[in-house]
Amino acid sequence: FGGGQVALPMIYNEVVANGWLSESVFLYGFALVQCLPGPLFNLSTFVGTAALGWKGALCSTMGMFGGGIMLIWGLLPFWSRLRADS
């Protein structure tokens with residue numbers, strides 16, 4: 001219901017209120033992410049990079065996309081059987 005923009009205040013409160021990033025850095029990152037194609041998911045990578053460098057970028061990106069990727073990989077062996085049944 002509203003996409004990534006709905007989650008922006010929650011992300012802002014978590015990141016800025018806990019002192020991970022300053023407000024100006026967070027807003028710069030948000031502006032940068034708005035210039036990129038796709039949804040607001042890229043903000044997680046920016047926050048991870050700005051807070052902890054490349055290790056933070058890796059952890060935050062895997063945290064954002066890892067669950068869906070593991071679900072797809074887990075269902076992939078059964079895909080041909082599912083297609084044949086329909």
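How many aromatic pairs does a search of the whole structure find? I began my notebook with this, and I note at the outset that I am looking at a predicted model. The search of the whole structure finds two aromatic pairs.

**Entry 1: Y12 and F26**

I looked up the ring centres of Y12 and F26, which are 5.3 Å apart, and then the angle between their planes, which is 70°, so the pair is edge-to-face. The cut-off I needed for this step is that planes over 60 degrees apart count as edge-to-face. I reminded myself that a pair of aromatic rings is described by the distance of the centres and the angle of the planes. I then looked up where the two residues sit, and found Y12 in helix α1, residues 4–17, and F26 in helix α2, so that the pair links distant parts of the chain, 14 residues apart.

The reasoning rests on a cut-off, because buried means under 20% relative accessible area.

**Entry 2: F41 and F65**

I turned to F41 and F65, whose rings form an edge-to-face pair with 5.9 Å from centre to centre and 85° between the planes. F41 lies in the loop between α2 and α3 and F65 in helix α4, so this pair ties together parts that are 24 residues apart in sequence. From the helix limits I noted that the loop holding F41 runs between α2 (23–35) and α3 (42–52). F41 is partly exposed at a relative accessible area of 38%, and F65 is likewise partly exposed, at 35%.

**Entry 3: G63**

While I was on helix α4 I checked G63, which is found in that helix and is exposed, with a relative accessible area of 61%. I compared its position with that of L40, which is 23 residues away along the chain, and found the C-alpha atoms of G63 and L40 separated by 14 Å.

**Entry 4: the whole chain**

I then stepped back to the protein chain as a whole, whose secondary structure comes to five helices and zero strands, and which reads α-α-α-α-α along the sequence. Its radius of gyration is 17 Å, well over the 12 Å that the globule rule gives for 86 residues, so the chain is more spread out than a compact globule. I looked up the spans of the C-alpha trace along its principal axes as well, and they are about 55 × 30 × 20 Å.

Of the 86 residues, 20% count as buried. The chain exposes about 6500 Å², and carbon and sulfur atoms supply 71% of that area. Last, I looked up contacts between residues at least 6 apart in sequence, and wrote down that 32% of them join residues at least 24 apart.

How values were computed: Residues are numbered from 1 along each chain as its sequence is written. This is a predicted model: local features need pLDDT of at least 70, side-chain atom pairs count only at pLDDT 80 or more; totals for chains, interfaces and linings use all residues. Side-chain values use heavy atoms; hydrogens and water are left out. Helices (H or I, at least four residues) and strands (E, at least two) are DSSP runs, numbered from the N terminus. The radius of gyration is taken over C-alpha atoms; the globule rule is 2.2 Å times the number of residues to the power 0.38. Buried means under 20% relative accessible area, exposed over 50%, partly exposed in between (1.4 Å probe, protein chains only). Contact means heavy atoms within 4.5 Å. Accessible areas come from the Shrake-Rupley method with a 1.4 Å probe; for residues, only the protein chains shown count as cover. Rings of Phe, Tyr and Trp (its six-membered ring) pair if their centres lie within 6.5 Å; planes under 30 degrees apart count as stacked, over 60 as edge-to-face and the rest as tilted.
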